[in-house]
Amino acid sequence: MDLHLGGRCVVYPVVMDVVKSPGKALVASPERRREADGDWEVVRRVQDGDFAAFDGLILKYRSRVHAIVYNLTSNREDASDLAQDTFIKAFQSIHRFQGQSSFFTWLYRIAVNSTLSHLRKNRMRSFFSLERISEDEPVAREIVAALTDKAGAEKGAYVHELQDKLNEAMQKLSIKHRTVVTLFEIDGLSHEEIAEITGCSVGTVRSRLHYAKRLLQAELQPFLNQ
Amino acid sequence: MIDDRKQPLTIEDLLRLKRAERPSPEFWSQFERELREKQLAAIVEKRPWWCAIPGLYVFVARHRLSLAASASAVAICLVGFHAYEATASGAVVPASGVPDSVASVPVAAPRLLAAADEYAARQFNQARPAAASAPASGESGRNERPVASLAALSVQSLPAIPLLGDLPQNTATERFDAISRSLAGDLATGGTSMAEGARSLLVGVRDFGSRAIPSRASVAEPLAQMPSPSAERRSRLLAEAFPAMAGPADMASAPSERVLGRLSDDRLYASGGRYDVATERELNSIKFSIRF
């Protein structure tokens with residue numbers, strides 16, 4: 001877990017019940033607040049012994065947890081294992097969850113810290129195992145169409161090459177920068193939410209995000225200039 | 001979005017493409033199954049090691065007798081092995097200053113050897129003044145020669161020295177003197193080797209065999225102690241034929257000699273007439289059967 005100590009960000013492994021979330025409470029939109037209230041009710045039931053209620057939380061957040069882990073690791077098998085471990089850790093520690101932050105933030109913090117620990121342990125082992133880009137997403141379909149029209153290349157091979165280059169550029173980022181980019185650009189979290197999850201200040205999040213984008217732009221320049 | 005602005009793609013657009021990397025629906029079924037297994041494994045907590053202590057106590061309480069017997073057997077084996085090693089380590093002690101032919105002869109345990117040395121030295125010190133005063137006797141015969149060789153050898157290498165202590169005082173003195181002279185002669189002539197001397201010593205020492213080897217008590221054969229069936233039958237017949245002379249003690253042991261010793265011809269004829277055995281030939285056959 002990242003702790004902001006004297007202006008320096010120190011990274012610790014996952015000990016969710018020990019490290020308290022720093023700073024003020026999460027500034028959430030009304031939708032997030034309603035969502036957090038509903039999650040808190042389910043968490044209370046689980047804490048009272050209704051373990052089956054935890055299945056609802058798994059169904060609700062499994063795709064988002066898997067997405068953040070997958071985008072951090074670029075490996076589908078590792079993402080599956082780490083997402084499962086995230087839910088297991090949350091299940092084992094849910095009786096210590098006090099509701100000081102939203103369950104979503106708490107669960108994301110577990111996922112991020114588990115993934116960062118895994119990436120540090122396997123720093124030397126890095127290979128891609130990518131999911132297929134779904135054409136059902138309208139935004140993705142538009143982007144792919146624009147790229148292939150400009151390049152005049154065959155669609156499937158071009159998308160495959162773009163996906164490889166994109167994940168390669170992401171893996172070239174440091175873990176901290178990759179986390180911020182993933183949470184902000186892919187998962188759509190706000191700066192405040194990222195700051196609470198990573199344990200850094202909002203300014204640090206913005207700085208890291210800016211620096212990471214510059215690096216990615218340099219890496220993916222051939223695709224951007226088409 | 002792309003069509004609206006007609007602008008070159010940005011890095012945000014490319015990163016948005018990664019949102020479309022999603023697993024297939026089949027993946028989620030497998031994901032849920034594996035997560036269920038892990039969740040169940042997490043619910044079943046691993047028992048700590050100290051939970052096995054009561055079970056161990058019950059096992060010990062149930063099998064304490066056999067455990068105690070096993071522990072005793074192991075302890076006895078260890079002690080026995082330790083004693084065997086202590087004995088075996090001192091089994092062969094090379095004698096310093098002794099020829100190889102003699103030193104190669106296995107000697108007794110060091111403790112026994114030390115006791116023998118001390119005893120022999122004491123006997124030698126007692127015998128030396130007497131030997132110096134006594135005149136040289138002419139008993140240095142062939143029978144005394146091995147004893148002389150024994151005394152002249154190194155004290156350490158002669159476990160048979162205590163045998164001299166069994167002799168009377170004056171005899172020991174004389175023999176020590178004879179030993180010295182005989183060995184000196186042997187060494188001078190070189191005619192007899194040390195090994196031969198030691199060998200003849202063991203043979204020539206009086207009653208060596210009976211001393212070195214403890215005499216066994218004569219063991220009677222169990223079958224020889226049992227009365228033979230024929231003897232029992234004979235005693236029974238005689239008891240019936242001669243009730244006056246056959247008591248229970250006589251019937252029990254060696255009836256033939258006792259009966260024959262006491263049986264006179266007159267009484268035999270009288271008893272035979274009482275049982276209608278009239279002829280002399282029949283009486284002789286009775287007497288013959290008693291004898292054999």
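What follows is a quick chat about the fold, the core and the chain contacts.

Guide: Keep in mind that this is a predicted model.

Visitor: Fine. How many helices and strands does chain A have?
Guide: Chain A has ten helices and two strands. Along the sequence, the pattern is β-β-α-α-α-α-α-α-α-α-α-α.

Visitor: What share of chain A counts as buried?
Guide: Of its 226 residues, 39% count as buried.

Visitor: And the contacts in chain A with a separation of 6 or more: what part comes from residues 24 or more positions apart?
Guide: Those pairs account for 69%.

Visitor: Now the core. How many residues are in the largest nonpolar one?
Guide: The largest nonpolar core has 59 residues. Those with the most contacts inside it include Ile68(A), Val69(A) and Leu107(A). Leu17(B) is also among them.

Visitor: What does Val69(A) touch, leaving aside neighbours within four places in sequence?
Guide: Val69(A) is in contact with Ala79(A), Leu82(A), Ala83(A), Ala111(A) and Thr115(A).

Visitor: Switching to the interface. How many residues of chain B are in contact with chain A?
Guide: 23 residues of chain B are in contact with 34 residues of chain A. On the chain B side, H2 (11-17) and H3 (25-43) each supply at least two residues. H2(B) gives the most, with seven residues.

Visitor: What classes are on that side of chain B?
Guide: The side of chain B that touches chain A has 13 nonpolar, one polar and nine charged residues.

Visitor: At what angle do H3(A) and H3(B) cross?
Guide: Roughly 40°, with the axes coming within 10 Å. That angle makes H3(A) oblique to H3(B). The crossing of H3(A) and H3(B) is right-handed.

Visitor: Which residues make the contact?
Guide: From H3(A), they include Phe87(A), Ile88(A) and Phe91(A). From H3(B), Phe31(B), Leu35(B) and Lys38(B) are among them. By class, the contact of H3(A) with H3(B) has six nonpolar, four polar and two charged residues.

Visitor: One more. Where is Asn167(A), and is Asn167(A) buried or exposed?
Guide: Asn167(A) is found in helix H6 of chain A, residues 155-172. Asn167(A) is buried, because 20 other C-beta atoms lie within 10 Å, and the cut-off for buried is 20 or more.

Visitor: Which residues is Asn167(A) in contact with, beyond neighbours within four places in sequence?
Guide: Ser74(A), Phe128(A) and Leu130(A). The C-alpha atoms of Asn167(A) and Ser129(A) are separated by 10.0 Å. Along the chain, Asn167(A) and Ser129(A) are 38 residues apart.

Definitions and conventions:
Residues are numbered from 1 along each chain as its sequence is written. Chains are lettered from A and ligands numbered from 1 in the order in which they are written. This is a predicted model: local features need pLDDT of at least 70, side-chain atom pairs count only at pLDDT 80 or more; totals for chains, interfaces and linings use all residues. A nonpolar core is a set of buried Ala, Val, Leu, Ile, Met, Phe, Trp, Tyr and Cys residues joined through C-beta atoms within 7 Å. A residue is buried if 20 or more other C-beta atoms lie within 10 Å of its own, exposed if 12 or fewer, and partly exposed in between; C-beta atoms are placed from the backbone. Two residues are in contact if their C-beta atoms, placed from the backbone, lie within 7 Å. Helices (H or I, at least four residues) and strands (E, at least two) are DSSP runs, numbered from the N terminus. Ala, Val, Leu, Ile, Met, Phe, Trp, Tyr, Cys and Pro count as nonpolar, Asp, Glu, Lys and Arg as charged, and the others, Gly among them, as polar. Axes are lines fitted to C-alpha atoms, for helices over the stretch in contact, and angles run from 0 to 180 degrees between N-to-C directions. Angles under 35 degrees count as roughly parallel, over 145 as roughly antiparallel, 65 to 115 as roughly perpendicular and the rest as oblique. A crossing is left-handed if the near helix is turned anticlockwise from the far one by less than a right angle, and right-handed if clockwise.
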